[in-house]
Amino acid sequence: MMHSARCALKSAASCSYSQLSTCRTRVCRSLASVASDGPAKSDATPKQTPQVGSAGHERAEKISKAMKAYLQRAQSHDKFMTNEIAEYEIGKRHLANIMGEDPDSFRQEDIDKAIEYLLPSGLFDRKARPQMKHPSQVIPKRKAAEFGVDGRPFHFLFYTGLPNYYQLMHETNLKLEALKHHEDKMLARDVSPETVLHLAGSQWLDSEKLGDMLREKIPERDFTQFVKLMDRLAAHPYSYLEKDFIMVYRRFLKSQAMLQEIPPLMYADDGRAYMEAEGIRKRAHAKVKVMDKGTGEINVNGRSLLRSFPTILDREQIVFPLQFVGKMSELDVEATVEGGGNSGQAGAIRFALSSALQSFVDRQMVEKMRLAGLLTQDPRRLERQKPGQAGARKKFTWKKR
Amino acid sequence: MAGAVEQLGKCMRCMSVCKRTWTPAFIQTRTAIYQPIYLEPTFRKEDLQQPLDELDKRKYQPIKAATNEQTSLASYDAVVAKFIRILTKEGNKKRARKIVDKTFENIKLIQLEKYHKAATEEERQYIECDPLTIFHQAITNCKPLLTTQKVKRGGVMYTVPIPVKPNYQMYKAMTWLIDAGTDKERDIRVWDKLAYELLNAAQNEGKGVRKKQELHKLCEANRAYAHFRW
């Protein structure tokens, strides 16, 4: 059984939800996973269980249409899953036999290797290549019943469509109001905040991560609302009181200084150290060779810098990294560029030169170069022409009558 | 009564304490090639002398590539770069740069001539020969402090004077100088006229400064409506 081109969706139902500390029980009830156990187990609260020997007995026995339909769907899904899993197990054994290995000790990694060997694919996207995975990884898990036997939803925000998201927003707002109240009280007592909450080095979760956390797919507009509200909470002078709450929704950023690998210097036959690098800017591609023990000579396509770039702006760009690291008269540069115009070519050489220079300087200087924007490739390109327009932005002259 | 006033004062202070981060209501997404996490580069060498603070954002976030005019070289001047950008027409920055370079050359020549023609040493002292200093002086002399805004109150449009933000001040000063420089006879070159205007503005004279004074006069005449700003 091959789930080719089926992407393995993240199992939203299985991730923990302990982060939302308040109202946890209420939320958990509505979110109880039903992927493995039936709906009867999930609604174990006294509200939903039939009350024996009371007035509610008659009412509880009536199962709503929605619940019935849900139970039916759950049953068919379970059946479907057992079939799929059985098929997967058989397929695995077949594959093991094809590969000439022991079917009992054939693991997922072996399956991946076998598939890659038997069905080699040149498709760029990994998700589009043939794959064989356990059905639980491929088939999206079903959400648990969010309503009881009587057809009433558990969650008070069920009809918003995004109950967990709106509950989070609601809670955050309450916290913000509480902080404002606290601030008023403190001001009345003439007390100023003790510390400040520093959030440098971390970032709000992206909408996908937040969605995983809340087990809901959060639209972009709602996500921006979330970020705005959280920013307001974080900017409050007493936000340090809610540090734990805030940090749940932030992810830590790595220090950028150590992210780049710097290749070591190479040595020519005469013992002269050199380094080579490539750079792109706009449509220009540049290859640069930087040599140690030089006199500060720069050649582009075999010609001097002055001859190849008559405008000062371009020459300044090329010299910028050399001047920045303070090695203008120590290194020789040989560059070849093709494609693009003057400015693009100069930019391509600048980027290639800066990346080659990394090997000649110490780590601190590399970090400084990064801060100066020398080690980032400029991703900006010419904006395309649009149909029905004269250019990227320019419109045709047009008169109504 | 005194207690109530005190309370009110505290409330007002509370309002000033609570700083809110400003987020634009509308963000143009089609031009933003860089993700919002990218920060502007610190491309001047002298700004990077000290190591970064542990809480500095730049330490953790990626940096945008320096643009082609941003360099650490001595020739770079942020105000001149801005002036060139405003002067640019039809995307031809090369031409704008050429005009500014020639303007500075002219200023230098004019001032040097004055310097050498000066009879005494005392006179020479007061002649500024650095075109860049003259340029900066001209810009600061043309910066308006106030501008006017139309506000509708009770069906009547009022001209209300409002204070100017630094960016707008700079922009206004530059556009006035450029307007003065380009408003000329056909046979006069831009760099000649612009040099003349910059020299005049540095002396607190000329068209650019006059524009500023006119605006200030208008604001002064409408000072009675200043409270309509709120």
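This is a predicted model: local features need pLDDT of at least 70, side-chain atom pairs count only at pLDDT 80 or more; totals for chains, interfaces and linings use all residues.
**Exercise 1. Describe the make-up of chain B: which elements does the chain contain, and in what order do they run?**

Solution. Begin with the count, which comes to eight helices and two strands for chain B. Next, read the order from the N terminus on, which is α-α-α-α-α-β-β-α-α-α. Turning to burial, 39% of the 230 residues of chain B count as buried. Finally, among the contacts in chain B with a separation of 6 or more, 60% are accounted for by residues 24 or more positions apart.

**Exercise 2. Work out how helix α2 and helix α3 of chain B are oriented to each other, and which residues make their contact.**

Solution. Helix α2 of chain B covers residues 78-87 and helix α3 of chain B covers residues 93-117; the two pack at an angle of about 125°, with their axes 8 Å apart. Angles from 65 to 115 degrees count as roughly perpendicular and those over 145 as roughly antiparallel, and α2(B) and α3(B) are therefore oblique to each other. Their crossing is right-handed. On the side of α2(B), the contact is made by B:V80, B:F83, B:I84, B:R85 and B:L87, while α3(B) contributes B:K93, B:A96, B:R97, B:I99, B:V100 and B:F104. Sorted by class, this contact of α2(B) with α3(B) has eight nonpolar, no polar and three charged residues.

**Exercise 3. Follow B:R97 and find which residues it is in contact with, leaving aside its neighbours within four places in sequence.**

Solution. Locate B:R97 in helix α3 of chain B. With its neighbours within four places set aside, B:R97 is in contact with A:L313 and A:E316 of chain A and with B:I84 of chain B. As for a distance along the chain, B:R97 and B:T120 are 23 residues apart in sequence, and their C-alpha atoms are 36 Å apart in space.

**Exercise 4. Identify which residues of helix α14 of chain A are buried, and what covers them.**

Solution. Helix α14 of chain A spans residues 363-371, and within this helix A:M365, A:V366, A:E367, A:M369, A:R370 and A:L371 are buried. What covers these buried residues includes α12 (312-325) and α13 (342-357) of chain A. After α14(A) comes A:G373, whose phi is positive, near 80°.

**Exercise 5. Compare the places of A:K282 and B:N204: where is each found, and is each buried, exposed or partly exposed?**

Solution. Most residues other than glycine have a negative phi. A:K282, however, has a positive phi, near 50°, and B:N204 has a positive phi near 65°. A:K282 is found in the loop between β4 (273-281) and β5 (284-291) of chain A, whereas B:N204 is found in the loop between α7 (190-202) and α8 (206-221) of chain B. With a relative accessible area of 41%, A:K282 is partly exposed, and B:N204, at 44% relative accessibility, also counts as partly exposed.

Conventions. Residues are numbered from 1 along each chain as its sequence is written. Chains are lettered from A and ligands numbered from 1 in the order in which they are written. Side-chain values use heavy atoms; hydrogens and water are left out. Axes are lines fitted to C-alpha atoms, for helices over the stretch in contact, and angles run from 0 to 180 degrees between N-to-C directions. Helices (H or I, at least four residues) and strands (E, at least two) are DSSP runs, numbered from the N terminus. Angles under 35 degrees count as roughly parallel, over 145 as roughly antiparallel, 65 to 115 as roughly perpendicular and the rest as oblique. A crossing is left-handed if the near helix is turned anticlockwise from the far one by less than a right angle, and right-handed if clockwise. Contact means heavy atoms within 4.5 Å. Ala, Val, Leu, Ile, Met, Phe, Trp, Tyr, Cys and Pro count as nonpolar, Asp, Glu, Lys and Arg as charged, and the others, Gly among them, as polar. Buried means under 20% relative accessible area, exposed over 50%, partly exposed in between (1.4 Å probe, protein chains only).
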